[in-house]
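Visitor: Could you walk me through this structure while I have it open in the viewer? I would like to ask things as they occur to me.

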Amino acid sequence: MQNTYSIENFSNNGMAFPFDLKNKFENLENKYFEFQEKALKALGHEVTLKPNLLSKFFYNLSIDKSIIQEVKKIIGEDIYIWSSAFFPKKPGSGKIVSYHQDNPYWQLTTDNVVTAWIALTDSNKENGALEIVPGSSKYGLIKDLDVKNPREAYLKGMKTTESNDLLSYKQNLDVFMSKNKPEIIKLEKNQFSLHHVNSVHGSGVNNSSVHRIGFAVRYISSNTKHKMENIDSAIHVCGKKNKYFVDEVCPKQDFGEKEIVRYNKAMKATGAFGNKSYSR
C-alpha cells in the first residue's frame with residue numbers, strides 16, 4: 001500500500017497526493033497526442049511549455065475545480081497560472097529529470113508557489129514517476145545552480161545538463177540525496193499531486209513499455225513577481241489581480257490565429273523558461 005500525504009500537512013511535507021480530478025477522462029493520453037499533432041500542423045514543432053494557451057481542453061484542465069480548491073489552501077485565494085508544461089517520457093527514451101528545487105530556476109519573489117502534477121497516464125516507479133523528498137521544502141535554497149543567472153541563460157538557450165536530462169542546468173544535489181530518501185509519487189491517470197517550490201524532486205528513466213506523461217501547472221499568488229523583470233504575463237484564475245501581470249488569455253479555439261499570436265507573445269515571458277531546442 002502506497003503512502004499518502006494530506007493537504008493538512010503540506011506545510012511540513014512540502015507535498016500532498018493523491019487527489020482525484022473532478023472530471024474523469026478516458027482518453028487523457030490521446031488528448032496529449034492529438035494536441036501535439038495539431039501543434040506540428042500549426043507551428044511546425046511540438047509544444048512543451050504553456051500548452052493551456054493553445055488548447056481549450058488543457059486550459060480547462062489547468063483550472064479544474066478539484067485542483068484550485070486545494071491550491072487555495074496553500075497559497076490563498078488570489079491565484080495566477082504562471083506557467084505550465086508537459087513532461088512526456090517515451091518507453092526506452094532514457095529521459096530523466098535530475099533532482100532539484102524549482103526556486104533557483106524560477107527566480108520568484110515569494111514562496112507562495114505550488115505545482116500541480118497531473119497524470120495523463122498512470123505514473124509509477126517502473127515508468128519514471130515523479131519523486132519528492134518529504135520535508136525538503138523547509139530547507140530553503142539548498143544549493144546554487146551552475147549558472148549565475150538562469151533567466152539570462154534561458155534567453156541564450158544555454159544547457160549545462162546531460163542531453164537526456166529535461167532540466168537545463170545543474171543544481172548538483174548528490175550529497176543531499178545521499179542523505180535523504182525521496183517518495184515515489186504513484187498516480188493513476190486522472191489523479192494529481194501538489195508540491196512546493198522548494199521541494200526537492202526529480203524522476204528517473206521510463207523502463208516500461210508504455211508512455212509516462214505528466215502535465216505540470218505552476219500556480220502563484222498574485223503578490224508574487226519575478227526578481228529580474230519589471231513586468232510579466234500570466235493567467236488570472238481567481239481573487240485579486242496584480243497590475244504587474246499582463247493578462248494571458250484563455251483560448252477560444254484550439255490553435256486559432258489569435259491564440260497563436262498570444263502564445264508567441266507569452267513565450268517571451270518568464271514563465272516560458274527552458275531551452276526550447278531540447279524541450280520539444
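Visitor: How many bridges join β5 to β6?
Guide: Two bridges join strand β5 (residues 130-132) to β6, and the two run antiparallel; helices (H or I, at least four residues) and strands (E, at least two) are DSSP runs, numbered from the N terminus. Within this pairing, isoleucine 132 stands opposite glutamate 183 in β6.

Visitor: And what should I know about the model itself?
Guide: This is a predicted model, in which local features need pLDDT of at least 70 and side-chain atom pairs count only at pLDDT 80 or more, while totals for chains, interfaces and linings use all residues. Residues are numbered from 1 along each chain as its sequence is written, and side-chain values use heavy atoms, with hydrogens and water left out.

Visitor: In what order do the strands of that open sheet come?
Guide: The order is β3-β8-β5-β6, four strands with antiparallel pairing, where two strands pair if DSSP finds at least two bridges between them. At the edges are β3 (97-100) and β6 (183-184), each of which pairs on one side only.

Visitor: Which residues of α2 are buried?
Guide: They are Leu28, Tyr32, Phe35, Gln36 and Ala39, with buried meaning under 20% relative accessible area, exposed over 50% and partly exposed in between (1.4 Å probe, protein chains only). Because these residues cover an arc of only 95° around the axis, they lie on the same side of α2; the arc is that of the directions from the helix axis to the C-beta atoms. On the other side of α2, Glu37 and Lys41 are exposed.

Visitor: What covers the buried ones?
Guide: The cover for the buried residues of α2 includes α3 (56-62), β2 (79-89), β4 (113-119) and β9 (212-221), with contact meaning heavy atoms within 4.5 Å.

Visitor: How far does α2 reach?
Guide: Helix α2 (residues 28-43) has 16 residues and reaches 22 Å from its first C-alpha to its last, close to the 22 Å expected at 1.5 Å a residue, the expected span being 1.5 Å times one less than the number of residues. Just after α2, glycine 44 takes a positive phi of about 85°.

Visitor: Is β9 mostly covered or open?
Guide: β9 is mostly covered, since ten of its ten residues are buried. Arg212, Gly214, Ala216, Arg218 and Ile220 point one way from the strand, whereas Ile213, Phe215, Val217, Tyr219 and Ser221 point the other way.

Visitor: Which strands does β9 pair with?
Guide: Among them are β2, which pairs with β9 in the antiparallel sense over ten bridges, and β4, which is joined to β9 by seven bridges and also runs antiparallel to it.

Visitor: What does serine 221 touch?
Guide: Not counting residues up to four places away in sequence, serine 221 touches Ile75, Asp78, Thr110 and Asn112.

Visitor: Which lining residues are closest to its centre?
Guide: Of the 43 residues that line the largest pocket, the closest to its centre are Thr48, Phe86, Phe87, Pro88 and Leu166.

Visitor: And how many cavities of 30 Å³ or more are there?
Guide: A search of the whole structure finds one, and the largest cavity has a volume of about 40 Å³. Its lining is made up of Trp82, Tyr105, Trp106, Gln107, Arg151, Tyr154, His226, Thr270 and Phe273, and the elements that give two or more residues to this lining are α5 and α6 (150-155).

Technical notes. On a 1 Å grid over the protein atoms alone, a cavity is a set of points where a 1.4 Å probe fits but cannot get out, and a pocket is an open set with protein on both sides within 12 Å along at least five of seven lines; lining residues have an atom within 4 Å of a point. Grid points are joined across faces, edges and corners, and a volume is the space filled by probe spheres set on the points.
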